[in-house]
Amino acid sequence: EIRRARGQISLTEQLKTQAKLEGKWTVFGLAQELAVHRHWLYTRIRNGSLPANRHPVIGHYLIPDTPDLLATLRAQRERCCYR
């Protein structure tokens with residue numbers, strides 16, 4: 001409330017549009033990189049096909065930034081509806 005009264009945005013609001021945090025992808029950033037909707041990634045996180053851990057403080061999912069994982073997701077995207 002204090003930040004809002006002063007016109008400052010909260011830490012979680014700042015991080016919503018951040019592509020990477022601590023060297024790992026955020027859902028927002030990875031969705032932009034792959035040109036997919038965030039829900040496409042959340043579905044894969046929920047079913048266990050996309051490894052992700054929650055940040056202990058802010059609670060956002062963080063996804064490893066590995067070339068193999070990106071290649072796999074791009075291949076899945078091409079087989080799916082994002083052509």
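Q: A nonpolar core is a set of buried Ala, Val, Leu, Ile, Met, Phe, Trp, Tyr and Cys residues joined through side-chain atoms within 4.5 Å. Which residues have the most contacts inside the largest nonpolar core?
A: This is a predicted model, where local features need pLDDT of at least 70 and side-chain atom pairs count only at pLDDT 80 or more, while totals for chains, interfaces and linings use all residues. Residues are numbered from 1 along each chain as its sequence is written, and side-chain values use heavy atoms, with hydrogens and water left out. Buried means under 20% relative accessible area, exposed over 50%, and partly exposed in between (1.4 Å probe, protein chains only). The largest nonpolar core has 14 residues, and those with the most contacts inside it are Leu30, Leu34, Leu41, Leu50, Ile63 and Leu73.

Q: Which element gives the largest share of this core?
A: In soluble globular proteins, nonpolar side chains tend to be buried together. Here, the elements that give two or more residues to the core are helix H3 (27-34), helix H4 (38-47) and helix H5 (67-79). With 4 residues, the largest share comes from H3.

Q: What pattern does the protein follow along the sequence?
A: Helices (H or I, at least four residues) and strands (E, at least two) are DSSP runs, numbered from the N terminus. The protein has 5 helices and 4 strands. Read along the sequence, these follow the pattern α-α-β-β-α-α-β-β-α.

Q: What percentage of the residues in the protein is buried?
A: The accessible surface, from the Shrake-Rupley method with a 1.4 Å probe, comes to about 5,800 Å², and 50% of it belongs to carbon and sulfur atoms. Of the 83 residues in the protein, the buried ones make up 29%.

Q: Which strands stand at the edges of the sheet?
A: Two strands pair if DSSP finds at least two bridges between them. The 4 strands form an open sheet in the order E1-E2-E4-E3, with antiparallel pairing. One side of each edge strand has no neighbour in the sheet, because each has a single partner strand; the two are E1 (20-21) and E3 (53-54).

Q: About what angle does the direction of H3 make with that of E2?
A: Strand E2 (residues 24-26) is joined by 2 bridges to the antiparallel strand E4 (residues 61-63), and Trp25 stands opposite Ile63 in E4. Axes are lines fitted to C-alpha atoms, for helices over the stretch in contact, and angles run from 0 to 180 degrees between N-to-C directions. H3 packs on the sheet, touching E2 and E4, and its direction makes an angle with that of E2 of about 90 degrees.

Q: Which residues is Leu30 in contact with, leaving aside its neighbours within four places in sequence?
A: Contact means heavy atoms within 4.5 Å. Leu30 is among the buried residues of H3, together with Val27, Gly29, Ala31 and Leu34, and the buried residues of this helix pack against E2, H4, E4 and H5. Beyond its sequence neighbours within four places, Leu30 is in contact with Trp25, Leu41, Ile63, Leu70 and Leu73.

Q: Near what value is the phi of Ala35?
A: Ala35 is found in the loop between H3 and H4, and it counts as exposed because its relative accessible area is 55%. Most residues other than glycine have a negative phi. Ala35 has a positive phi, near 60 degrees.

Q: Which side chain makes a polar contact with the side chain of Gln76?
A: A polar contact is a pair of N or O atoms within 3.5 Å; within protein, one must be able to donate a hydrogen and the other to accept it, and residues adjacent in sequence count only if both atoms are side-chain atoms. Gln76 is in helix H5 and is buried, because its relative accessible area is 18%. At 3.0 Å, the side chain of Gln76 makes a polar contact with that of Arg44.

Q: What distance separates the side chains of Asp65 and Trp25 in their polar contact?
A: Asp65 is in the loop between E4 and H5 and is partly exposed, because its relative accessible area is 31%. Not counting residues up to four places away in sequence, Asp65 touches Lys20, Gly23, Trp25 and Leu70. The polar contact joining the side chains of Asp65 and Trp25 has a distance of 3.0 Å.

Q: What distance separates the C-alpha atoms of Ser49 and Leu73?
A: Ser49 lies in the loop between H4 and E3, and its side chain makes a polar contact with the side chain of Asn47 (2.8 Å). Ser49 and Leu73 are 24 residues apart along the chain, and their C-alpha atoms are separated by 9.9 Å.
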